[in-house]
Structures are given as C-alpha cells and as structure tokens.
Amino acid sequence: MKPLQILVLHGPNLNLLGIREPGHYGVATLAEINQQLSELADALNLGISNYQSNHEGGLVDRIHHAVTEKIDGIVINPAAYTHTSIALRDALLASNIPFVEVHLSNVHKREAFRHKSMLADAAVGVVAGFGATSYTMALRGLNEHLLNR
Ligand code: CA2
C-alpha cells in the first residue's frame, strides 16, 4: 500500500524555537522537532514533509498546494494564527484534509485570548502542553485516525 502522506505546518515565530524563550516553548529547535517527526514517520510507514511560515498567506497557499499533492493528513501548529485566522480555517475546511491542531504549551493555562481557537472544532483532535512531544502525539493520533477511517 502506498504510504499515507502527511504535511506538518508550523506558524509564525516557530522558527525561533530553541533560540529564544525556552521557558515557554522548550529547548528543542524546529529542525530537531522536524527530525523527530521524520523518524517517527519512517517507523509508521508515513511520507512526511514540513513547512514553516511567518505569513498567513504562505500557510494558506501551502494548504491549497496540499490538495494538488494529494496530502492525506495535516499536523498544524498555527501558533498565534490559532486565535485569529478565519483564513486558515477556511483553507483547511476547503481542503477537506483531516488535520490535528498542536501546541507546545498548554494554551488553556495561559492568557484568556489563547483559550479560543478558530480551528479546533474542525480538527480531528487537539494536542497541547507536552512541548515537542505534542507533535509526535499528534502524528500518532492522526495516523490512527487515517488508518481507521
Ligand atoms: O504553544 C504553542 O505551540 C503556541 O501555538 C505557540 C504560539 C502562541 O501564540 C500560541 O498561543 C501557542 C507562539 C509561538 C511563538 O514561538 C516562539 C518560539 C521561540 C521564541 C519566541 C516565540
């Protein structure tokens, strides 16, 4: 069977991971998180690619492209756009690609404005608060979901 294809999307400022504010977001860099995901994808027989952008439109364009690429599932940490972006919500809904929302921090333990997500009710699931492990948990969960559809 052809491996399922997963796209991992990282939103604004996540390129700074491991470089600034380790207290909130941990010491792992984005490259290290992508490497962990790649190793897990190999173990689960998944194809995987990743993309980070500091621009809402860049993320929207990448989601559009995922449809032509026939991506099977998306793991997304929309970062601050989680709380604001109707454009990302519309793009994900239009794509019809199942997605899991991920956060490094427990957003519910933080400021009230981080408690609202524009995407969560459309997601397969949400993982938050486990640092870099949130991503690997999300990939495992998405894989199970796609295999059991
Ligand atoms: O906990 C998460 O993963 C967040 O998506 C991170 C976003 C934040 O706006 C969300 O509410 C929760 C912020 C990402 C900023 O990443 C940085 C990394 C290193 C240094 C500074 C910012």
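# A closer look at one protein chain

**Figure 1. The whole chain, before zooming in.** In the protein chain, 79% of the contacts with a separation of 6 or more are between residues 24 or more positions apart; contact here means heavy atoms within 4.5 Å. This is a predicted model, in which local features need pLDDT of at least 70 and side-chain atom pairs count only at pLDDT 80 or more, while totals for chains, interfaces and linings use all residues. Residues are numbered from 1 along each chain as its sequence is written, and side-chain values use heavy atoms, with hydrogens and water left out. You can find five helices and five strands in the protein chain, and along the sequence they follow the pattern β-α-α-β-α-β-α-β-β-α. Helices (H or I, at least four residues) and strands (E, at least two) are DSSP runs, numbered from the N terminus. The C-alpha atoms of the protein chain fill a box of roughly 45 × 30 × 25 Å along the principal axes. Of the 149 residues in the protein chain, 46% are buried. Buried means under 20% relative accessible area, exposed over 50%, and partly exposed in between (1.4 Å probe, protein chains only).

**Figure 2. Helix 3 and what covers it.** Helix 3 spans residues 56-68, and its buried residues are Gly58, Leu59, Val60, Arg62, Ile63 and Ala66. An α-helix has 3.6 residues a turn, so residues three or four places apart point the same way. Just after helix 3 comes lysine 70, with a positive phi of about 60°.

**Figure 3. Valine 102, a buried residue in strand 4.** Valine 102 sits in strand 4. Its relative accessible area is 0%, so valine 102 counts as buried. Beyond its neighbours within four places in sequence, valine 102 is in contact with Val75, Ile76, Asn77, Pro78, Val127, Ser134, Tyr135 and Ala138.

Figure 4. Is histidine 103 buried or exposed? With a relative accessible area of 5%, histidine 103 is buried. Apart from neighbours within four places in sequence, the contacts of histidine 103 are Asn77, Pro78, Thr82, Val127, Ala128, Gly129, Phe130 and Ser134.

**Figure 5. Threonine 82, a buried residue in a loop.** The loop between strand 3 (73-77) and helix 4 (86-95) holds threonine 82. Threonine 82 is buried, with a relative accessible area of 1%. A polar atom of its side chain lies 2.5 Å from the backbone oxygen of alanine 79. Not counting residues up to four places away in sequence, threonine 82 touches Glu101, His103, Lys116, Ser117, Met118 and Leu119. From threonine 82 to histidine 108 there are 26 residues in sequence and 13 Å in space, C-alpha to C-alpha.

**Figure 6. Serine 105 and its polar partner.** Look for serine 105 in the loop between strand 4 (99-103) and strand 5 (125-128). Serine 105 is buried, since its relative accessible area is 10%. Which side chain does serine 105 join through a polar contact of 3.0 Å? The partner is the side chain of arginine 110. A polar contact is a pair of N or O atoms within 3.5 Å; within protein, one must be able to donate a hydrogen and the other to accept it, and residues adjacent in sequence count only if both atoms are side-chain atoms. Setting aside neighbours within four places in sequence, serine 105 is in contact with His24, Tyr25, Arg110, Ala128 and Gly129.

**Figure 7. Two asparagines with positive phi.** Most residues other than glycine have a negative phi. Asparagine 45 is not a glycine, yet it has a positive phi of about 60°. Asparagine 45 lies in the loop between helix 2 (30-43) and strand 2, and at 48% relative accessibility asparagine 45 counts as partly exposed. Asparagine 96, not a glycine either, has a positive phi of about 65°. You will find asparagine 96 in the loop between helix 4 and strand 4, where asparagine 96 counts as exposed at 69% relative accessibility.
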